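Me: I have a new structure to read. Could you take me through it feature by feature?

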Amino acid sequence: MAAGDEQQEAHRPGVYKQKNKVHKHGKHRTKGEIGRENKGRVAVMTLSKKQRRELRKQDRRHKANQLRRNKKESVLTEKRKLGSRDGPPHLVAVIAVHAGVNAGAVTKILKGEGLDDIVYEDQGVSGAVDSFGLVLPRFKQRFTFYRPDTADLHSVLDVAKIADSLVFVLDSNEGWDSYGEYCLSCLFAQGLPSHALVCQGIADLAVKKRTESRKALSRLVDSRFPEARLFPVDTEQDATLLLRHLSAQKQRRLAFRSRRSHLLAQKATYIPNTSQNGTGGLATGLGTLCVSGYIRGCPLKVNRLVHITGHGDFQLSQIDAPTDPLPITTAASRPARPGRGRDVEMMDGTDGDINGDSGIRVLMKADPETRESLQAEAEVDPMDGEQTWPTEAELQEAEEARKSRKVMKVPKGTSDYQATWINYDAEEGVDDDDDDVDSCDDDVDEMMEDEMDDNESQDADSECASGDDGEEEEEEISSAGRTGADQKYDEGMDETEEGEGLRRYREARANEMFPDEVDTPLDVPAKTRFQKYRGLKSFRSSPWDPLENLPPNYSRIYQFQNFERMRRRMLAEATSDEEGAMAGWYVTLHIVDVPSSVMESFQAGKPLVLVSLLPHEQKMSVMHMLVRQHPSNTEPIKSKEELVFQCGFRRFRASAIFSQHTSGDKHKMERFLLPDAPTVMSVYAPITFPAAGVLVFKQRDNGMEDLVATGSLLSCDPRRVMLKRIVLSGHPFKINRRSAVVRYMFFNRDDIMWFKPVELRTKWGRRGHIKEALGTHGHMKCVFDNQLRSQDTVLMNLYKRVYPRWIFDPYVPAPLPWVKRDEPELYGIDME
């Protein structure tokens, strides 16, 4: 046997041999077993990122469900309180939207005459308005029906602001007429609460035609009310169905009234104030107004101000708790037990006093130290900035400096650094008769109007010169022989109004064809005429200080450091506050220093609406409203024109300026209301926290009001920069490769050197600048980024900041009834 065939020894591993971990088959637990053993208990430190994210998502979902459930419960609680013993009566406004219907017949059927289980009591006052209370013991509901005068649009809008439901009385054939369409447009823009549609006359038709008539009427009203239900009210059974529907329908929430306590006056008394002197009492024209009604919305505080729609802001002195005139009684006429949260809190409080003379309980009295003030404008001391009083030596030195320095006339409001730009002599300065900031704006408009009037007069002269005597005699003969219909048509025409309308149309058309273009004056230097304007490199990015050269009226207003934060704070406090007279209580408010015209308006049958103001809502500021032109308005509305505004519960007259609704820090002013785009209207008005609907009316010379725009309240921001733009135009005279000689933009050399830093542009998109002046008659050499075309126009944009006019009038007279121009006899109104 060979040596290699001998048996070898086995290999022995060394100390560095790799030792692999032994796999334990069948001895480990799965994730399911671990989960079942722990039963969901997992240590926080061992949670993965995915598990933590899932837990946060689950928590957010649970929180959202809780908030949703709480919100639903609060809405249901509020709905159950409405009309019940613990809440105010269900306020229903009955409005006729057609001249051929009788809303009084509907309210007569709703009174339920002939039914023993329905009790009604008269709640109205002497006047043309029909108002009554209705108690239904079977339904445990109570209603207050109010029928305003449909011809008075202000009354219709005021009642709709606080009504829980609206009942529109339609014609069985036409639905609504033109005036009804006008009222519906105003109501929809203001904010429409829950509503129902009723009609009469269907029961008089044949049985086979009733269904067809109702379907035809439903198709007719589907454009305005796509989901509304139509109720025929011809019998007492129909009235019962309508009452059931009103008490059970879903209530639409209106933000501007749900966050403020409001009240519709049912009773009112007036006690004139007297000033004592040596001879006895003397009337002062003011007095204390005692108004009784049900509180709605939020709790009412006695130290808060109240606003009477159409009359102004006033203070409260005390709140009383008289007997409820509409108690819910049983069929046996047993007295009702006091409900929780209403009569118990009213009658069992420890802070009330009982008047021994009348037995009326006084709930609370105003504290003169803590109640809000009626001060609407800020008081500014002209010496507020002075810290020390100058000495005699300083006064003498200032007098000598005044005599020695050069006097130069500048426009009022010009800052120091703007005055350094003015390098002309005192003889070339402007007259110091520019009292307001808007004078330059008015001058531009007057110049444009004068130029248009001159053109019109020239056209008229040319027409007169071209005509012969024969044509004039024929015109006289034809005018004398006109028919009676033509003479009747011209009787109601106002020539002044027609001429004013023609002028507005021409201005609007000129502004549309040549936006913001202004002719350079020939008799006044351009640097003098347009010295308040400046050029901007970029309208979007160029800076503009919002605190620069503010007008004197800005010292009279208030502003917030952060309006949105203040708005959220005020609204949150209003909804969470539980102090004061609670919603649903029947109270009497004592309002001090009220003019007697308020009581006269109430006695005339007009509704008296009171609303409690939030803090700061009586102070003046610059309010901005986002509106759109109403489709029914076809006349041009010019900026700074006096208009009538209805913003929330307020109604006032003011002069607004229009600007574009953009997201930048500067906004271009518009000379006319844009017909196809949203426009921002800015006015001096009392502060109102959004959200609130806005209606804009224009009052004619004959007293009628036309709805011109609708929208909502945007913000309160005095720092909003609104810039008016003017465009100076010139025409290329000689065109080279990149340069051109431009004329007709200026007419002297000094104006060209003054506006030389301002950038030029053309209508075809070229950009350039002024290089030098040529001669002394306004020709200038300009350089552009590309060659011009002969048909192009050179433009220069100049800007200045504009402000609203201080024209605020809280008293707005009632408009004349709205009638058809071609059929005024349908409404029984004499146009003469």
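This is a predicted model: local features need pLDDT of at least 70, side-chain atom pairs count only at pLDDT 80 or more; totals for chains, interfaces and linings use all residues.

Me: Where does Arg-53 lie? Is Arg-53 buried or partly exposed?

Reply: Arg-53 lies in helix H2, which covers residues 49-81. Its relative accessible area is 49%. Exposed means over 50% and buried means under 20%, so Arg-53 is partly exposed.

Me: Which residues form a nonpolar patch on the surface?

Reply: Leu-522, Tyr-744 and Phe-747 do. Together they have about 340 Å² of accessible area. Take Tyr-744 from this patch. Tyr-744 sits in the loop between strand S26 (739-743) and helix H19 (749-754). Tyr-744 counts as partly exposed, at 45% relative accessibility.

Me: Now salt bridges. What is the general idea?

Reply: Side chains of opposite charge can pair when their charged atoms come close. In the whole structure, a search finds 26 salt bridges. One of them joins the side chains of Lys-668 and Asp-516, at 3.0 Å from N to O.

Me: Which parts does the pair of Lys-668 and Asp-516 tie together?

Reply: Lys-668 is in strand S21 (residues 666-670). Asp-516 is in the loop between helix H15 (495-513) and H16. The pair therefore ties together parts that are 152 residues apart in sequence. Both Lys-668 and Asp-516 are buried.

Me: What about Arg-653 and Glu-642?

Reply: Their side chains also meet in a salt bridge, 3.9 Å from N to O. Arg-653 is in strand S19 (residues 650-655) and Glu-642 in strand S18 (residues 642-647), 11 residues apart. Glu-642 counts as partly exposed, with 41% relative accessibility.

Me: Which residue forms a salt bridge with Arg-767?

Reply: Glu-759 does, and the closest N and O atoms are 3.7 Å apart. Arg-767 is partly exposed, at 47% relative accessible area. Glu-759 counts as partly exposed too, at 24%. There is also a network: salt bridges that share partners join Asp-516, Lys-668, Glu-670, Arg-671 and Arg-725.

Me: Now the backbone. Which residues does a cis peptide bond join?

Reply: Pro-690 and Ala-691, with omega about 10°. Ala-691 lies in the loop between strand S22 (679-686) and strand S23 (693-699).

Me: What is phi of Asn-549 near?

Reply: Near 55°, a positive value in a residue other than glycine. Asn-549 is found in the loop between H16 and H17. Asn-549 counts as partly exposed, at 28% relative accessibility. Now look at Asp-593. Phi of Asp-593 is near 55°, again a positive value in a residue other than glycine. Asp-593 is found in strand S15 (residues 586-595). At 42% relative accessibility, Asp-593 counts as partly exposed.

Me: One last pair. How many residues apart in sequence are His-262 and Ile-295?

Reply: They are 33 residues apart in sequence, and 6.0 Å apart in space, C-alpha to C-alpha. His-262 lies in strand S8 (residues 262-264). His-262 is buried, with a relative accessible area of 6%.

Notes
Residues are numbered from 1 along each chain as its sequence is written. Side-chain values use heavy atoms; hydrogens and water are left out. Helices (H or I, at least four residues) and strands (E, at least two) are DSSP runs, numbered from the N terminus. Buried means under 20% relative accessible area, exposed over 50%, partly exposed in between (1.4 Å probe, protein chains only). Patches are made of residues with over 30% relative accessible area and no salt bridge: like charges are joined within 9 Å, nonpolar side chains (Val, Leu, Ile, Met, Phe, Trp, Tyr) within 5 Å. Accessible areas come from the Shrake-Rupley method with a 1.4 Å probe; for residues, only the protein chains shown count as cover. A salt bridge is a side-chain nitrogen of Lys or Arg within 4 Å of a carboxyl oxygen of Asp or Glu.
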